[in-house]
Amino acid sequence: MKKTWKHLFAVVLALALTLSVSVCAFAAEGNMRTFKTIPDTFSYIQSEVHPMIDQGPFTISQATLTENGVDTPVYFIAMHGTETSSFGEAEDVVSDLYAGFDKESQYMKDIKKDILTDVPKGSNLVIAGHSLGGMTAQQLAADPEIKDNYNILYVTAIAAPLLSYQKTEGKVNRLAEKADAVPYMSHYTLSDLDLQKSTRSEEHGSKYNIINSHTGSYKDPAVWGDYDAVGNKGGNAVLTVNTDTTKVYCAPISDRQTGTRAYASVFIDGNWIGVSVLY
């Protein structure tokens, strides 16, 4: 009897993984999404740009940036952070280490390649990311090839340490919850702690600590509701994203991978929990 149940469980799991397959990149379905504040932008990155939901760790979308009554067409690049339950993806601890010392990680290489391939040269860019995504956003904005080919308007680095100081194009808004340790995790903390702290906007919610702040704080309007969609405190910038144009990308560790994903996940308390394998 025990063998029968074990066999049945194995069959169900295999079927779930077989049905849960995606190929990079693909266009997401939807319509228009409007982000007015940082909690809006963060919630999109955290819940929809995610390898646990038949997607990959970054997206590229056509969007409109509305600021001071002026509409500007942009390409919005959104990047998820480290995901230790996503195997075969470059959003891993190795990429964290490379990024922390301002070295080009495989995650950055994958994103850069897809931007250069799929975004028309001369386009305006708004780049946003959480954690590792925010680190990579700063590195992309400092990359000579990206700067030569695009007009970078904003870089929104949520819960990310300082990188590529004075090398970036566009306005960098780096946002840090006071209780969050991750915004200290780059080489600038060792070489220039004052610079690490002075180049960020810091807020604090009383219910957040070193354990729950890294994701909890940034989706809380009570903490970050005064920051507009790209991270200007007291600003009026709004991002309207055409999700019919959104392409979702994988970030393979190796060129030998096919870009196919098997995954099993559930959505619990605002977060995707599960396992994803890119192969």
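Which residue forms a salt bridge with Arg-261? In this predicted model, the partner is Glu-89, and the closest N and O atoms of the two are 2.7 Å apart. Arg-261 belongs to strand 12 (residues 260–268), while Glu-89 sits in the loop between strand 6 (86–87) and helix 3, so the pair ties together parts that are 172 residues apart in sequence. Both Arg-261 and Glu-89 are buried.

The wider setting comes next. The protein has 279 residues, of which 49% count as buried. Its secondary structure comes to 10 helices and 13 strands. Among contacts between residues at least 6 apart in sequence, 71% join residues at least 24 apart. The accessible surface comes to about 13,000 Å², and carbon and sulfur atoms account for 56% of that area.

Eight of its 10 residues are buried, so helix 2 is largely enclosed by the rest of the structure. The buried residues of helix 2 include Ile-38, Pro-39, Thr-41 and Phe-42. Tyr-44, Ile-45, Gln-46 and Ser-47 of this helix are buried as well.

Helix 3, which spans residues 93–100, has Ser-95, Ala-99 and Gly-100 as buried residues. These three cover an arc of only 130 degrees around the axis, which puts them on the same side of helix 3. What do the buried residues of helix 3 pack against? Their neighbours are helix 4 (106–118), helix 5 (132–142) and helix 7 (187–191). Just after helix 3 comes Asp-102, which takes a positive phi of about 60 degrees.

Side chains of opposite charge can pair when their charged atoms come close. A search of the whole structure finds eight salt bridges. One of them joins Glu-145 to Lys-112, with the closest N and O atoms 3.3 Å apart. Glu-145 lies in helix 6 (residues 144–149) and Lys-112 in helix 4, so this pair ties together parts that are 33 residues apart in sequence. Lys-112 is buried, because its relative accessible area is 15%, and buried means under 20%. Lys-112 and Glu-145 are also linked with Asp-143 in a network of salt bridges.

Another salt bridge joins Lys-113 to Asp-114, and here the closest N and O atoms are 3.3 Å apart. Lys-113 counts as partly exposed because its relative accessibility is 47%. Asp-114, with a relative accessible area of 11%, is buried.

The last stop is on the surface. Which residues form a nonpolar patch there? The patch is made of Phe-87, Val-275, Val-277 and Tyr-279, and together they have about 360 Å² of accessible area. Val-275 is found in strand 13 (residues 271–278). At 41% relative accessibility, Val-275 counts as partly exposed.

How values were computed. Residues numbered from 1 in each chain as written. Predicted model: local features only at pLDDT ≥ 70, side-chain atom pairs only at ≥ 80, totals over all residues. Heavy atoms only, no water. Buried < 20%, exposed > 50% of the residue type's maximum accessible area, 1.4 Å probe, protein only. Helix = DSSP H or I, 4+ residues; strand = E, 2+ residues; numbered from the N terminus. Arc of directions from axis to C-beta. Contact = heavy atoms within 4.5 Å. Patch = residues over 30% accessible without salt bridge, like charges linked within 9 Å, V, L, I, M, F, W, Y side chains within 5 Å. Areas by Shrake-Rupley, 256 points an atom, 1.4 Å probe, with all protein chains shown as cover. Salt bridge = Lys/Arg side-chain N within 4 Å of Asp/Glu carboxyl O.
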